[in-house]
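Hi everyone, thanks for coming. Please have a look at the sequence and the structure, and then I'll walk you through a few spots.

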Amino acid sequence: MAGKCSVAAIRRVAIFGGTHGNELSGVFLVKHWLKHGGEIARPGLEVRPFITNPKAVEKCVRYIDTDLNRVFDNQNLSKENTVKLPYEVAQAQEINSIFGPKGSTNAYDVILDLHNTTAQMGVTLILEDSRDDFTMQMLHYIQKSMAPVPCSVLLIEHPGVKYATTRSIARHPVGIEVGPQPQGVLRADILDKMRRTVKYALNFMQCFNQGTAFPPCSIEVYKVLEKIGYPRNKNGELGAIIHQNLQDQDWRALNPGDPMFITLDGEVIHYEGEYTVYPTFVNEAAYYETNQAFAKTQKVTLTVQAVQC
């Protein structure tokens with residue numbers, strides 16, 4: 001039987017947009033909230049909207065020098081500015097000084113980091129720690145509030161890995177990924193889903209601070225197992241593309257023997273694993289540069305303790 005954990009009141013919340021400068025829903029919303037903050041105001045909460053990568057936003061590109069969402073590790077955050085740092089590393093240090101320091105008691109309680117994906121993932125909430133009962137209760141609350149709109153939870157936890165995401169500064173980091181939406185494009189339906197997700201997250205924190213007890217629950221998550229690369233030819237060039245049966249099938253079962261890739265000659269490359277998996281980030285445009293065709297996940301049910309302020 002799940003126990004109960006007490007968590008201190010949530011006081012400071014940041015909403016990040018523009019971690020990737022061409023993912024426009026978060027950029028558009030954060031810029032709106034910087035001028036019209038009433039929508040995200042909640043009693044007892046300091047809610048701060050923030051554009052994290054302003055130069056990339058200005059140029060409408062993913063990043064300037066390096067991916068901002070990968071550089072919040074101790075090595076980058078402690079680099080001395082004796083030589084010219086990559087723009088995003090310098091920006092990470094600045095963000096860490098405002099919202100951190102990472103791992104300290106002064107760090108923000110919650111960061112909601114807003115992203116778009118070109119993949120058919122719908123609303124996806126990204127969880128970094130399966131022991132964080134407070135965050136899992138929040139995700140469960142968002143799921144119930146968003147229903148009947150599906151809202152998947154992606155667990156990116158790996159043993160021994162400390163995450164270097166922009167949101168990892170906070171005690172309770174939450175990634176909000178909504179798609180499909182092309183890079184550099186806005187879609188009203190996608191923006192509305194993101195806006196509602198943020199609203200319900202803030203509502204949860206307000207209810208929590210006011211003493212609402214959230215009972216034990218269970219939550220279904222998709223745990224990342226590994227990232228699958230594209231087939232390459234002997235010159236290292238793309239040798240095959242996502243098979244049409246897999247395209248737009250994020251969160252659907254991929255069974256042994258199912259088609260994964262197809263070459264221009266019509267050769268089909270099948271999934272040869274021993275058990276069913278659930279692909280996500282299928283054919284994500286931003287991941288071509290890192291040779292990631294999709295992430296392979298397994299479905300897991302987590303038991304969540306009751307939480308109360």
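Let's begin with a question: in which strand is the place of Ile241? Ile241 sits in strand E9, which covers residues 241-242.

Before going on, a word about what you are looking at. This is a predicted model, where local features need pLDDT of at least 70 and side-chain atom pairs count only at pLDDT 80 or more, while totals for chains, interfaces and linings use all residues. Residues are numbered from 1 along each chain as its sequence is written, and side-chain values use heavy atoms, with hydrogens and water left out.

Back to Ile241. Is it buried or exposed, or something in between? Ile241 is partly exposed, because its relative accessible area is 43%; buried means under 20%, exposed means over 50%, and partly exposed is in between, with a 1.4 Å probe and protein chains only. Together with Leu238 and Tyr288, Ile241 forms a nonpolar patch on the surface, and the three share about 250 Å² of accessible area. Such areas come from the Shrake-Rupley method with a 1.4 Å probe, and for residues only the protein chains shown count as cover. Patch members have over 30% relative accessible area and no salt bridge; like charges are joined within 9 Å, and nonpolar side chains (Val, Leu, Ile, Met, Phe, Trp, Tyr) within 5 Å.

That brings me to salt bridges. Side chains of opposite charge can pair when their charged atoms come close. Here, a salt bridge is a side-chain nitrogen of Lys or Arg within 4 Å of a carboxyl oxygen of Asp or Glu. How many does the structure hold? There are ten salt bridges.

Let's follow Arg167. One partner is Asp113, with the closest N and O atoms 3.4 Å apart. Arg167 lies in the loop between strand E6 (151-155) and strand E7 (172-179), and Asp113 lies in strand E4, so this pair ties together parts that are 54 residues apart in sequence. Asp113 counts as buried, because its relative accessibility is 0%.

Arg167 also meets Glu128 in a salt bridge, at 3.1 Å from N to O. Glu128 is in the loop between strand E5 (122-127) and H5, and Arg167 in the loop between E6 and E7, so the pair ties together parts 39 residues apart in sequence. Both Glu128 and Arg167 are buried.

Now for another pair: Arg62 and Asp67 form a salt bridge, their closest N and O atoms being 3.2 Å apart. Both of these residues, Arg62 and Asp67, are buried.

Next, helix H5, which spans residues 133-146 and includes Met146. Why does Met146 count as buried? Because its relative accessibility is 0%. Met146 and Lys223 are 77 residues apart along the chain, and their C-alpha atoms are separated by 21 Å.

Compare that with another pair. Leu246 is in the loop between E9 and strand E10 (259-262), and Leu246 counts as buried because its relative accessibility is 3%. Leu246 and Val282 are 36 residues apart in sequence, with 7.8 Å between their C-alpha atoms in space.

How values were computed:
Helices (H or I, at least four residues) and strands (E, at least two) are DSSP runs, numbered from the N terminus.
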